[in-house]
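Colleague: I would like to go through this model feature by feature. Please give the general idea each time, then the case at hand.

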Amino acid sequence: MDAVADAVVGLPDLGGHSSLRGQVADALRGALAGGKLTPGVVYSAPALANEFGISPTPVREAMIDLVRDGLFEAVRNRGFRVVPLSDRDLAELTEIRELVEVPAITRLAGNVPETVRPSLRILIEEAAAAAADGDLIRFLDADRRFHAGLLELTGNRMLVRTVLDLRARSRMYGLAAPAAASDLMASAEEHALLLNALVAGDAPRAQEIMMRHLEHMRRARD
């Protein structure tokens, strides 16, 4: 029988999205990555809402969104169970991202319009500031928006959806604090290196950085 949690100690504060539903979803993603939500355990929307100090409705809506991302599964009349991610699952998701995301980003070398560079650099700064503060939720949000911004330059909507879905499913559970902090800082620095390589038209360098970027996800589970 599944364990049922009535509360989550130290659930992250809300922030980021303008909608309450989006803020809750971001906070729950951060809680997953930070090990505050346990794989296999069932969490109720009312209990989580009490932690946030809000009504259950936006929490339930956010958790339904995360069900679509493959992070939770609904348990009838009980709540939402955190879906476990095995080492094999993570390895396979990472391999798919290497086959799909890396070539897509690499092809942008020399094709990043000047008009979008300032907004991408703002996201780089946001991610770096979040990493320096150890704020996992802010970092994940800035990281997602940075990579989404690059992917949108391909003009392939299905590619964008596919890669963002893979990124959502390859989230990290229960990172140890030192490992998480070091990986956040390294990833934040790589954002700037990646954009510089793309702007310079250096495809091999961009590919190298992207592969290293994905490697952080593998190491986080070691």
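Colleague: Is the crossing of H4 and H7 left-handed or right-handed?

Modeller: The crossing of H4 and H7 is left-handed. A crossing is called left-handed if the near helix is turned anticlockwise from the far one by less than a right angle, and right-handed if clockwise. Helices (H or I, at least four residues) and strands (E, at least two) are DSSP runs, numbered from the N terminus. The two axes come within 10 Å and cross at roughly 145 degrees; axes are lines fitted to C-alpha atoms, for helices over the stretch in contact, and angles run from 0 to 180 degrees between N-to-C directions.

Colleague: Which residues make the contact?

Modeller: On H4 they are Leu93, Ile96, Arg97, Val100, Glu101 and Ala104, and on H7 they are Leu159, Val163, Leu166, Arg167 and Arg169. Contact means heavy atoms within 4.5 Å. As for the source, this is a predicted model, in which local features need pLDDT of at least 70 and side-chain atom pairs count only at pLDDT 80 or more, while totals for chains, interfaces and linings use all residues. Residues are numbered from 1 along each chain as its sequence is written, and side-chain values use heavy atoms, with hydrogens and water left out.

Colleague: Which residues of H7 are buried?

Modeller: Buried means under 20% relative accessible area, exposed over 50%, and partly exposed in between (1.4 Å probe, protein chains only). In H7 the buried residues are Leu159, Val160, Val163, Leu166, Arg167 and Ala168. They pack against H4 and helix H6 (136-152). For the protein chain, buried residues make up 45% of the 222 residues.

Colleague: What should the 13 residues of H7 span?

Modeller: The expected span of a helix is 1.5 Å times one less than its number of residues. For H7 that gives 18 Å, and its end C-alpha atoms are 18 Å apart, which agrees.

Colleague: How many salt bridges does a search of the whole structure find?

Modeller: Side chains of opposite charge can pair when their charged atoms come close. The criterion for a salt bridge is a side-chain nitrogen of Lys or Arg within 4 Å of a carboxyl oxygen of Asp or Glu. The search finds 17. One of them joins Glu101 and Arg167 at 3.8 Å, N to O. Glu101 lies in helix H4 (residues 87-106) and Arg167 in helix H7 (residues 157-169), so the pair ties together parts 66 residues apart in sequence. Glu101 is buried at 0% relative accessibility, and Arg167 is buried at 14%. Salt bridges with shared partners join Arg97, Glu101, Asp143 and Arg167 into one network.

Colleague: Where in helix H1 do Arg29 and Asp26 sit relative to each other?

Modeller: An α-helix has 3.6 residues a turn, so residues three or four places apart point the same way. Arg29 and Asp26 are three residues apart in H1 (residues 20-33), about one helical turn. Their side chains form a salt bridge at 3.1 Å, N to O. Arg29 is partly exposed at 27%, whereas Asp26 is buried at 6%.

Colleague: What is the phi of Asn77 near?

Modeller: Most residues other than glycine have a negative phi, and most peptide bonds are trans. The phi of Asn77 is near 65 degrees, a positive value in a residue other than glycine. Asn77 lies in the loop between strand E3 (72-75) and strand E4 (79-82), and is exposed at 76% relative accessibility.
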